[in-house]
Amino acid sequence: MAYEVPDLAYDYNALEPHIDEATMRVHHDKHHQAYVDKANAALEGTEWADKPVNEVLQNLSSLPADKQGPVRNNAGGHSNHSFFWEIMSPDGGGEPEGDLASAISGKFGDFASLQEELKNAGIGRFGSGWAWLIHDGSGLAVVSTANQDTPVSDGNSPIIGVDVWEHAYYLKYQNKRPDYLDAWWNVVNWAKAGEHFAAAQG
Ligand code: MN
């Protein structure tokens, strides 16, 4: 079955004032839809067309050579954005809890240090990409990826992730990516992050 853009679990304006309604509308309805349409077009007629998107992204090198680039970019975009909508919530913000909070303290010292490291990863990503807190199989790490590359392709599990493409913030924050990254913490869905962390630990 072809990929589809998932509905948001909240209204387009629900993340205001941190993420504005106009950005959410164009980001979800236009940008994500374009990734889905192009991913479907690239996979159509291949044995991979009905596979879960993350399974495809874990096996990019097995795809036909002429499909690998389009699928990496567009299936990657589909996976990353589907993750992104769920890792934000109007009930988000605050701090992680439970096992995830303990793991963050153990790895980074405290939550503020994780915030600083993730912000630096987002600021340091030249051009377009993402900043992530991942579980790499042995523990937590902060990484960034270019374009629509995803940690999933490297066998890692995203715990939280923030889109630093200009389309994610430019309408409200213009060139001030650091301000967007600061505001983003107010909408992070730590309950969902905790689910990702529990799943990653197997
Ligand atoms: Mn985006």
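This is a predicted model: local features need pLDDT of at least 70, side-chain atom pairs count only at pLDDT 80 or more; totals for chains, interfaces and linings use all residues.
What is the area buried between domain 1 and domain 2, and what share of it do carbon and sulfur atoms give? Good morning. The area is about 1,700 Å², and carbon and sulfur atoms give 57% of it. Buried area here is the accessible area, taken with a 1.4 Å probe, that two parts lose on being put together, summed over both.

Residues are numbered from 1 along each chain as its sequence is written, and side-chain values use heavy atoms, with hydrogens and water left out.

Let us begin with the two domains. Domain 1 covers 21–86 and domain 2 covers 98–201; these bounds come from an automatic or database domain assignment. The C-alpha centres of the two domains lie 20 Å apart. Domain 1 brings 19 residues to the contact and domain 2 brings 22, where contact means heavy atoms within 4.5 Å. Of the area that domain 1 buries against domain 2, Asn80, Phe83 and Phe84 supply 36%, more than any other three residues.

The polar side of this interface comes next. Between the domains there are 11 residue pairs in polar contact, both residues being at pLDDT 80 or more. A polar contact is a pair of N or O atoms within 3.5 Å; within protein, one must be able to donate a hydrogen and the other to accept it, and residues adjacent in sequence count only if both atoms are side-chain atoms. On the side of domain 1 that touches domain 2, α1 (21–43), α2 (53–57) and α3 (65–86) each supply at least two residues. Helix α3 gives the most, with nine residues. Helices (H or I, at least four residues) and strands (E, at least two) are DSSP runs, numbered from the N terminus.

I turn now to salt bridges. Side chains of opposite charge can pair when their charged atoms come close. The criterion is a side-chain nitrogen of Lys or Arg within 4 Å of a carboxyl oxygen of Asp or Glu. The whole structure holds five salt bridges, and the count between domain 1 and domain 2 is two.

Aspartate 149 pairs with arginine 72, with 2.8 Å between the closest N and O atoms. Is aspartate 149 buried or exposed? Aspartate 149 counts as buried because its relative accessibility is 18%; buried means under 20% relative accessible area, exposed over 50%, and partly exposed in between (1.4 Å probe, protein chains only). Arginine 72, at 42%, is partly exposed.

A second pair joins aspartate 182 and lysine 119, at 3.0 Å from N to O. Aspartate 182 sits in helix α7 (residues 177–184) and lysine 119 in helix α5 (residues 111–124), 63 residues apart.

Lysine 192 and glutamate 195 form another salt bridge, at 3.2 Å. These two residues are separated by about one helical turn, because they are three residues apart in helix α8 (residues 190–201). Glu86, Lys192 and Glu195 are linked in a network of salt bridges.

Finally, consider valine 164, in the loop between β3 (157–163) and α6 (170–173). Valine 164 counts as buried, because its relative accessibility is 0%. Leaving aside neighbours within four places in sequence, its contacts include Gly122, Trp130, Tyr169 and Leu181. Thank you for your attention.
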